[in-house]
Amino acid sequence: MNNIILDVKDLVSGYDPFFLKEINFSVKKGEFIGVIGPNGSGKTTLLRAITKVLKPKEGELIYGGENIWQMKSQNLAKKVAVVAQNPGISFMTVEDFVLLGRIPHYKKFQFMETKRDLDIAKRCMVLTDTFRIRDQYVGEISGGERQLALIARALCQEPELLLLDEPTTHLDIAHQLGILDLIKKLNKDLGLTVITVLHDLNLASEYCHKLLLMHEGRVYKMGSPEEVLNYKVIEGVYKTVVVVDKSPVSSKPYIFIVTEEERQRRAKTKKNIDS
Amino acid sequence: MNKRLIRWAIWVLIFGGILLIISIFSLGIGASRIPFHRIFPLILEGKGTTEYSILFDIRLPRIILGFAIGGALSLAGVILQGMFRNPLVEPYTLGISGGAALGVSINIVLGINLIGGILSIPVSGFLGALLVILIVYSLSTRKAVLKIHGLLLTGVMISFISSSLIMLFMALSHTEDLHGIIFWTMGSLEEPNWLLIKVAVLVSIFGIVVSYFFCFRLNALSLGEEEAQHLGINTERTKRQLFFLASILTGCSVAVAGIIGFVGLVVPHFVRMFVGQDHRILLISAFLSGAGFLILCDTLARTIISPLELPVGVITGILGGSLFIYALTKKKVVL
């Protein structure tokens, strides 16, 4: 049981009128967890509760045996890093931006980055393939590159747990896969524990060990992709007709959408056959 | 790594050098012209000559005060811009200067400075500034999002309200107080009281030193409050401390020199173009060039229609107001 790094107990949190309710789950070291659910189901709110942005109304969040609200923000930031969805972009170079991730590690009267800080930043940039654009301005690079720079900054914090909020939105499929492959690699090679909010159920199915399905502020279901992604659950939560099959490539669950037109056509055909 | 430190040191030398040149230039120029090559011999000759007293009793105090006020206002601008993540906020546009002026005029009208001593003036300026900063911030965060136009509009309105209240006090007050209050609302570096000049210098130096304890936190805050939180910054506490610092800087400046607008807008705007966003270099650069800028504006103000004198707030107002409109209409706001 000691390999549990994050334990969420009876959490109630949020702000009017939306609240997370009765959230209970735990995350083991090295897991890759996908948080899925419809818009407004509380995915981002959950991440914000874990990162101390939102104060819990009830319940507690235990990180590594310690209540996160009793930890110093700075110490938490050495262990948990966040890749936010709409981060503030300041007018600075990629390298300066990535180096901001070292802030939690600075000593009290430290004024300049040490060689170690610079080495870590370089390593993180190489890892995320942003080293080649280190002198460009963050506001001027493409969306995919910016996402990579954000991940590099988060890695610069040398975290144990990486939280990501929809890291693949607004990206084309090549960049989506690029980002998720990178995160998977970090998870496998560096043993980084990952919790990521994902919109795309098929990507979640492909990459995550475990899925956490949110619905109306509650955890609707948590388990392996096979357990969570079946048509009954999805139709219940998303109120949309889908067909779930296995991916011919990875044999993970794969969700096929059914358009309204198709649904009506099929209903009609079925009626014809019946009569 | 040390390349960066060297680059920064060069910038500090450049800004410091410009400040020095402006100061010497300002010392020599004025209603009675003293040639630059005379300045040094005059210092050696010592007291007694008229020229010596022009230099050291009239011009030097103004330069020293310009250094303190310009530095403090510019620094307050950088701090507020870092916190609000917008290049258009500064003590004047947020109404903080107006609040400080209101505090000072209440002090004068009620005669608190006669009982509490001259130092009660900067204190009341500080309290006025703090009050406004708290109002502006609580209004702006009530919907959890900082809507910048609403924020600036609120600031302008607060300026209006406080100047109306100041006028009310003026209408109610004795004629002997009137001169004092008008002087404060116009903004001028003419300050006969050495004690207040010393206080202003001390406060501005205190401000720049203290602000350096916040340089990384300001860097993190420039990404947004939530991101700063993710980087381990206690944002609530940091914001409170920075508000306090900005209020001290603005309140003291306004108490000593009156409302001098836009220094905190113009100077950081240009300094950023040269040194970038990193507050480790931005703070000191803005401080030095703010000092130089205000001394230059003051030199202009007292020579442009010599022997008459303009309030320095007129010059900074024209320059700063134009730049403000330009920056507002420009599509891409840097920061």
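## The S11–S12 hairpin of chain A

Let's start with a turn: in the hairpin that S11(A) and S12(A) make, six residues sit between the strands, and one of these strands' neighbours in that hairpin, Ser251(A), takes a positive phi near 50 degrees. Bear in mind that this is a predicted model.

The two strands, S11(A) at residues 242–246 and S12(A) at residues 253–257, run antiparallel and pair over five bridges. Within that pairing, Asp245(A) stands opposite Tyr254(A) of S12(A). As for cover, S11(A) has hardly any: of its five residues, the count that are buried is zero.

## Where chain A meets chain B

Now for the interface. On the chain A side, 24 residues are in contact with 23 residues of chain B. Two elements of chain A each give two or more residues to this side, namely helix H2 (73–77) and helix H4 (115–127). H2(A) gives the most, with four residues.

What is the make-up of that side of chain A by class? It has 15 nonpolar residues, along with five polar and four charged ones.

## Helix H14 of chain B

Over in chain B, helix H14 covers residues 279–303, 25 residues in total. From its first C-alpha to its last it reaches 35 Å, close to the 36 Å expected at 1.5 Å a residue.

Is H14(B) largely enclosed or largely open, and why? Of its 25 residues, 22 are buried, so the helix is largely enclosed by the rest of the structure.

Technical notes. Residues numbered from 1 in each chain as written. Chains lettered and ligands numbered in written order. Predicted model: local features only at pLDDT ≥ 70, side-chain atom pairs only at ≥ 80, totals over all residues. Contact = placed C-beta atoms within 7 Å. Nonpolar A, V, L, I, M, F, W, Y, C, P; charged D, E, K, R; others polar. Buried ≥ 20, exposed ≤ 12 C-beta atoms within 10 Å, placed from the backbone. Pairing = 2+ DSSP bridges. Expected span 1.5 Å × (residues − 1).
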